[in-house]
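Dear colleague,

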Amino acid sequence: MPSPHAPLLRALAGDRPEQTPVWFMRQAGRSLPEYRELRVGTRMLDACLTPDLAAEITLQPVRRHKVDAAVFFSDIVIPLRLAGVDVVIEPGRGPVFAEPVRTAADVDRITAIDPNDLDTTAIADAVRIVTAELGDTPLIGFAGAPFTLAAYLVEGGPSKEHLRARAMMHTDPDAWDRLAGWLSRVSRRFLEAQRDAGAATVQLFDSWAGSLSPADYRAHVAPHSKAAVEGLGLPVIHFGVGTGPFLRDMRLDGAASAVGVDWRQPLDEAAGILGQGVAVQGNIDPAMLQAPWPILEAHVRDVLERGRAARAHILNLGHGVPPETDPDQLTRIVELAHS
């Protein structure tokens, strides 16, 4: 078990450790040559559900970059697959569902599945392998937020504007609430499995929340996200993309210990909006990873300086590591943060 004095856990408790903790969303994955070598011949979802493989992928960036946390290697749709939903990852496109959920009857069909029946054995086994090697380094559990999962389910796959999902909120709010409530329970079950196996904290990803208006987020989404994480007994990081217009709501009425901020908003400005009740996480622009080191270094130093306005700061990207990133850039960022 990691020490409560681990820099990440201290930051989540509102403390400021001697060095700013740093990890990267999508730190485990396609930017690492060792990951690409390991994944040859194995499909994404199969890799996520093979305990020794998922554990090794989770650990790779910790060994290489010396980050302050591992984040559990999985995919946002794995809990749905565990629930028996027919989903595949199409290369170059993303998750695609054989049967989209678009009507009240569709909602009845999918919500008849009991989230408590999810077989999370493979997840728990992978987490135990990871935590046994990590020692004092915390493991961050992972799950998708109800809206982002619903956006995939209702659209049937990736979408830019999530029109069908947003329409369902208004044309059939009862069906929407039943679907989002079910997804909240599915995500919570997935997080609980990671918690019980040794994860020290969790992050809820709401990658598509930025397509919502503040009013729709507050009325139709925030209550379900809060239900997914409230009372887990672990610190919670809540992250979304494009959530500046309702950033304060991302605190989930105190259920979140930290809020992730994407690259669009200066971190000191975000800290002012969020208040001193939560830590901030972020918000290096992922595009800057392609820049020469002196330019990237100046950007990272600016982010670190702006992060001082917050109660505590966890250095991260404003979104995930792009696949074409030179891994050495990430290592340099960690070394800079730790210096």
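Which element gives the most to the lining of the largest pocket? That element is E2, with 4 residues.

Before the details, please note that this is a predicted model, in which local features need pLDDT of at least 70, side-chain atom pairs count only at pLDDT 80 or more, and totals for chains, interfaces and linings use all residues. Residues are numbered from 1 along each chain as its sequence is written, and side-chain values use heavy atoms, with hydrogens and water left out.

Pockets and cavity

The largest pocket has a volume of about 1400 Å³. A pocket is an open set of points on a 1 Å grid over the protein atoms alone, with protein on both sides within 12 Å along at least five of seven lines; a cavity is a set where a 1.4 Å probe fits but cannot get out; lining residues have an atom within 4 Å of a point. Grid points are joined across faces, edges and corners, and a volume is the space filled by probe spheres set on the points.

Of the 41 residues lining the largest pocket, Arg26, Arg30, Met44, Asp75 and Ile89 are the closest to its centre. Helix H2 (33–39), helix H3 (44–48), E2, E3 and H8 each give two or more residues to this lining. Helices (H or I, at least four residues) and strands (E, at least two) are DSSP runs, numbered from the N terminus.

The second largest pocket, of about 350 Å³, is lined by 16 residues, with Glu18, Thr20, Leu304, Arg308 and Ala337 nearest its centre. Helix H13 (293–307) supplies the largest share of that lining, 4 residues.

There is 1 cavity of 30 Å³ or more. The largest cavity has a volume of about 50 Å³, and its lining consists of Met1, Pro2, Thr131, Leu134, Gly135, Thr137, Leu139 and Gly198.

Strands

An open sheet with parallel pairing is formed by 7 strands in the order E1-E4-E5-E6-E7-E8-E9; two strands pair if DSSP finds at least two bridges between them.

E2 (residues 87–90) and E3 (residues 94–97) run antiparallel, joined by 4 bridges. They form a hairpin with 3 residues between them, and Gly92 in the turn has a positive phi of about 80 degrees. Val88 stands opposite Val96 in E3.

Yours sincerely
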